[in-house]
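This briefing is intended for a reader who is meeting the structure for the first time. Please consult it alongside the display below.

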Protein chains: 2
Amino acid sequence: MATGRTHRPATRSRGIPEATVARLPLYLRALTALSERSVPTVSSEELAAAAGVNSAKLRKDFSYLGSYGTRGVGYDVEYLVYQISRELGLTQDWPVVIVGIGNLGAALANYGGFASRGFRVAALIDADPAMAGKPVAGIPVQHTDELESIIQDNGVSIGVIATPAGAAQQVCDRLVAAGVTSILNFAPTVLTVPDGVDVRKVDLSIELQILAFHEQRKAGEEATAEAPAAPAAARRSSASGRDSGTDQGPDGDVPAVMPA
Amino acid sequence: MATGRTHRPATRSRGIPEATVARLPLYLRALTALSERSVPTVSSEELAAAAGVNSAKLRKDFSYLGSYGTRGVGYDVEYLVYQISRELGLTQDWPVVIVGIGNLGAALANYGGFASRGFRVAALIDADPAMAGKPVAGIPVQHTDELESIIQDNGVSIGVIATPAGAAQQVCDRLVAAGVTSILNFAPTVLTVPDGVDVRKVDLSIELQILAFHEQRKAGEEATAEAPAAPAAARRSSASGRDSGTDQGPDGDVPAVMPA
DNA sequence: ATCTGTGAATTGTTTCACAGCT
DNA sequence: AGCTGTGAAACAATTCACAGAT
């Protein structure tokens, strides 16, 4: 997903399903935890439980990578960690830039698991001149003017956008023009990119809205079936005077602050 | 996804596909922008472009909601905004608590689009006593001790977890016990919840790893001469007889962890 | 003439269930 | 006996392509 038209028509190559790729990081995390506890082998059942999936799916997923297990025994933890890391491209080091150092950008910069496996924050970039030089997570913030040279000098191919929605497309364009080919977008806006560039988005309000949908459905279903543990009686709060479009932020839904 | 069990075999209800539900917020955002520009109607083609999907998909999605368009004309923007809002449950106000007010929690609390559409931050909760009373985004942080009473007093059914991974499951358990039935998890860990509770996760490192996978593939594709991936010899064990050939081995050597 | 709504075809994903290896 | 690996079946999502409404 994400890329509109990337498909090389007939790349009979290593066709790992996208759904599987999206789960590999989950398996990797579970395996890493086992590795740290020096657990030597694990069955598909155990590993699946740790990753929150079912074992048939896990086995099918692994079958796309190769036959890395041992029948009657399970999977060798260290070996699998290595194989999945390699498959995900984590045996190399990916320099990443974060653009937009507001609360969210700072949170991302401070995120531990970031630097830990394969990724390295090469630079923090913000449009506010007052931020320039200020260290965040031990890294001095640089001004947007430097964006192109930073990308090029560090060979950055992955960029993280944590700016307000209004600035996101512009930042995206500059990142792409400078050579970035993968973008993780935290701004609540749809980014348009050329073919060959991957975009993934993380969007708080979308996630909340999906939850609200299901939540609403649960509430309307109270007539049926068993009564759940919690007394979902008094849901629904008062202030209901809002509905269609009288919000402050121009659709923008500005994300985590940041001096614009 | 998210909901573990849920088998309601023949709920003749309004079975909107999950993939469609996940796109409704996207359409809603695009429509809200149009609404603010006082655009009266929009075609599936235009709206699809604004939302970053193709028009056939959009029409199919809308067909699950009902027939809200006019052939030869398009969709009435205001009407659609209302219908989708209603479908998503945004015509009511959802009180939300955020647990874990670090950089990320603060970023979430400050997130504009949060309060703007149907969601209201009912409380900010943190385990650090030193945070108690301190206002973040204009809302005083409360101590974890108050968690249960906050949930109950405010009729909160949606909780956001922005704590460190180590605390997430514990917080989750308390939220669920207090009556929360939808959770948005930002902590990099798998949460276990009872049936009937929805969990959605947002995970930076998973997203980056997925990008790295695709990035790696792009790199290996443009320079076909270099190190053409692994000589996937042992893939697909249909190789008759001997199988334990030295598989793996991108360029360098591997920490030969024994494949049995 | 245009654009929606939707069956039918296609493509992708998950689950089943069991053969085959250890 | 136990557990993986995988065809085949079931299910889900997407795309096609056109009938039908305005």
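This is a predicted model: local features need pLDDT of at least 70, side-chain atom pairs count only at pLDDT 80 or more; totals for chains, interfaces and linings use all residues.

Residues are numbered from 1 along each chain as its sequence is written, while chains are lettered from A and ligands numbered from 1 in the order in which they are written. Chain A contains 9 helices and 10 strands; helices (H or I, at least four residues) and strands (E, at least two) are DSSP runs, numbered from the N terminus.

**Chain A as a whole**

- Of the 260 residues of chain A, 50% count as buried, where buried means under 20% relative accessible area, exposed over 50%, and partly exposed in between (1.4 Å probe, protein chains only).
- Among the contacts in chain A with a separation of 6 or more, 59% are between residues 24 or more positions apart; a contact means heavy atoms within 4.5 Å.

**An open sheet in chain A**

- An open sheet of chain A is formed by 3 strands in the order S1-S3-S2, with antiparallel pairing; two strands pair if DSSP finds at least two bridges between them.
- Strand S1 (41-42) and strand S2 (69-70) of chain A stand at the edges with a single partner strand each, so one side of each has no neighbour in the sheet.
- S2(A) is joined to strand S3 (residues 74-76) of chain A by 2 bridges, and the two run antiparallel.
- A:Gly69 stands opposite A:Tyr75 in S3(A).

**Surroundings of DNA strand C**

- DNA strand C is surrounded by 23 residues, of which the closest are A:Arg23, A:Asn54, B:Ser44, B:Gly69 and B:Tyr75; a residue is near a molecule or strand if one of its heavy atoms lies within 4 Å of it.
- Sugar or phosphate supplies 66% of the atoms of DNA strand C within 4 Å of the protein, and bases supply the rest.
- The side chain of A:Arg23 places an N or O atom 2.7 Å from a phosphate oxygen of DNA strand C, and the side chain of B:Tyr75 has an N or O atom 2.9 Å from a phosphate oxygen of DNA strand C.
- The elements that give two or more residues to the surface near DNA strand C are helix H1 (18-36) and helix H3 (55-65) of chain A, together with helix H3 (55-65), strand S2 (69-70) and strand S3 (74-76) of chain B.
- By class, this surface near DNA strand C has 5 nonpolar, 9 polar and 9 charged residues; Ala, Val, Leu, Ile, Met, Phe, Trp, Tyr, Cys and Pro count as nonpolar, Asp, Glu, Lys and Arg as charged, and the others, Gly among them, as polar.

- Of the atoms of DNA strand D that come within 4 Å of the protein, 64% belong to sugar and phosphate.
- A polar side-chain atom of A:Arg59 lies 3.0 Å from a base nitrogen of DNA strand D, and an N or O atom in the side chain of A:Lys60 is 3.3 Å from a base nitrogen of DNA strand D.
- A:Arg71 has a polar side-chain atom 3.1 Å from a sugar or linking oxygen of DNA strand D, and a polar backbone atom 3.1 Å from a sugar or linking oxygen of DNA strand C.
- The surface near DNA strand D comprises 5 nonpolar, 11 polar and 10 charged residues.

**Positions listed by UniProt**

- An unreviewed UniProt entry lists residues 26-65 of chain A as "DNA-binding region"; UniProt positions are given in the numbering used here, feature names are shortened, and annotations may be inferred rather than shown by experiment.
- The span of residues 26-65 of chain A is 75% helix and 5% strand, and its end C-alpha atoms lie 15 Å apart.
- Under "binding site", the unreviewed UniProt entry lists A:Gly100, A:Ile101, A:Gly102, A:Asn103, A:Leu104 and A:Gly105.
- A:Leu104 lies in helix H5 (residues 103-110) of chain A and is buried, with a relative accessible area of 8%.
- A:Gly105 is also placed in helix H5 of chain A, and A:Gly105 counts as buried at 0% relative accessibility.
- Apart from neighbours within four places in sequence, A:Gly105 is in contact with A:Ile98, A:Gly100 and A:Ala162.

Key:
Side-chain values use heavy atoms; hydrogens and water are left out. A polar contact is a pair of N or O atoms within 3.5 Å; within protein, one must be able to donate a hydrogen and the other to accept it, and residues adjacent in sequence count only if both atoms are side-chain atoms.
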